[in-house]
Amino acid sequence: MENALLVGLSRQTVLERQLNIIANNIANVNTNGYKADQSLFEEHLNSGAHEDNFVGRDRRVSYVQDRGTYKDLSQGPSQQTNNPLDVAVDGDGFLVVQSQGGERYTRDGNLHLNSQGQLVTAAGDAVLGTSGPIVFQPTDHDINISPDGTVTVIEGASRTDSIRGKLRLASFTDAGDAGVPQADAKSTFRQGYVEKSNVNAVSEMGRMVEVMRTYQQVANILQQQSDLHKSAIEKLADVPA
């Protein structure tokens, strides 16, 4: 009986963490560039039966273990904003930005200019080009970002394009792992668009309902096991010494 209770408890613990992951995905359904988290599960075997009448595989007790999470890196839908500073990345690349903790990588292309004329993210991190931060002059207008990331402007009354830099893109052999970033030459940009979250709200709500139902089913089984245990103890107490 104790094994049944422990197996059920392990399952409930995993379901609770899975529910937290799903809730976080739903909370970020409108976050630009957000990639949904998914759970990784595995069977954890433990030898729990030692009597001679338990042979072979019957000796092994199977538990549920969530050994981690991974990112669903599928590309989210693009939304047109008509903001010339916004960019959506087509491909596996990530924009490279400079944060207080060093270089970071993002798919959120909702960009704007700060008071120093630097191109920055919504969080205020400077967007990096191949030669450093992208900086605009006060007289710059008609900003154009080409598919390869080259940023050009018309400066003042000039009729010719001036280059302000080229956006850096980085990719990873396994973007779900903290690997070493490599320069990405395959991905391209779409100016005036942002990539939305790849979370499917309807699917996540369905998963949430399924997890909650499973949690309740396990709770019912545990209650039945507890009642059976209690009944066994009561009956043993009535046996004459």
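## Salt bridges

In this predicted model, eight salt bridges are present. One of them joins K35 to E195, with 2.5 Å between the closest N and O atoms. The two partners come from distant parts of the chain: K35 belongs to the loop between α1 (2–27) and β1 (37–47), whereas E195 lies in strand β17 (residues 193–195), 160 residues apart. K35 counts as buried at 7% relative accessibility, and E195 is buried as well, with a relative accessible area of 0%. K35 and E195 also belong to a network of salt bridges that includes R107.

A further salt bridge is formed by the side chains of D37 and K71, at 3.1 Å from N to O. This pair likewise links distant parts of the chain, with D37 in strand β1 and K71 in strand β2 (residues 60–71), 34 residues apart. D37 is buried, its relative accessible area being 14%, while K71 is partly exposed at 35% relative accessibility.

R164 and E155 meet through their side chains in a salt bridge of 3.2 Å, N to O. R164 is buried, with a relative accessible area of 17%; E155 is partly exposed, with a value of 32%.

S162 is located in strand β13 (residues 161–166) and counts as buried, at 15% relative accessibility.

## Aromatic pairs

Two aromatic pairs occur in the structure. In the pair of F94 and F172, the ring centres are 5.9 Å apart and the planes stand at 80°, so the arrangement is edge-to-face. F94 is part of strand β5 (residues 94–99), and F172 is part of the loop between β14 (169–171) and β15 (182–183); the pair therefore ties together parts that are 78 residues apart in sequence. F94 is buried, with a relative accessible area of 14%.

The pair of Y105 and F172 is also edge-to-face, because the planes lie at 85°, with the ring centres 5.3 Å apart. Y105 is in strand β6 (residues 102–106) and F172 in the loop between β14 and β15, so this pair ties together parts that are 67 residues apart in sequence. Y105 is partly exposed, at a relative accessible area of 29%. Through these ring pairs, F94, Y105 and F172 are linked into a cluster.

## Charges over rings

R107, a member of the salt-bridge network with K35 and E195, lies over the face of F94 at 6.0 Å from the ring centre. The ring of Y193 has the charged end of R190 over it, 4.9 Å from the ring centre.

## Nonpolar cores

The largest nonpolar core comprises 16 residues, and those with the most contacts inside it are V87, L119, F136, L167 and F189. At least two residues of this core are supplied by each of β4 (87–90), β5 and β12 (150–155).

Beyond residues up to four places away in sequence, V87 touches L95, G109, L111, I145, L167, F189, R190, Q191, Y193 and V194. These contacts include R190 and Y193, the two residues of the charge-over-ring arrangement described above.

Technical notes
Residues numbered from 1 in each chain as written. Predicted model: local features only at pLDDT ≥ 70, side-chain atom pairs only at ≥ 80, totals over all residues. Heavy atoms only, no water. Phe/Tyr/Trp six-rings, centres within 6.5 Å; stacked < 30°, edge-to-face > 60°. Helix = DSSP H or I, 4+ residues; strand = E, 2+ residues; numbered from the N terminus. Buried < 20%, exposed > 50% of the residue type's maximum accessible area, 1.4 Å probe, protein only. Lys NZ or Arg CZ within 6 Å of the ring centre and 35° of its normal. Core = buried A, V, L, I, M, F, W, Y, C linked by side-chain atoms within 4.5 Å. Contact = heavy atoms within 4.5 Å. Salt bridge = Lys/Arg side-chain N within 4 Å of Asp/Glu carboxyl O.
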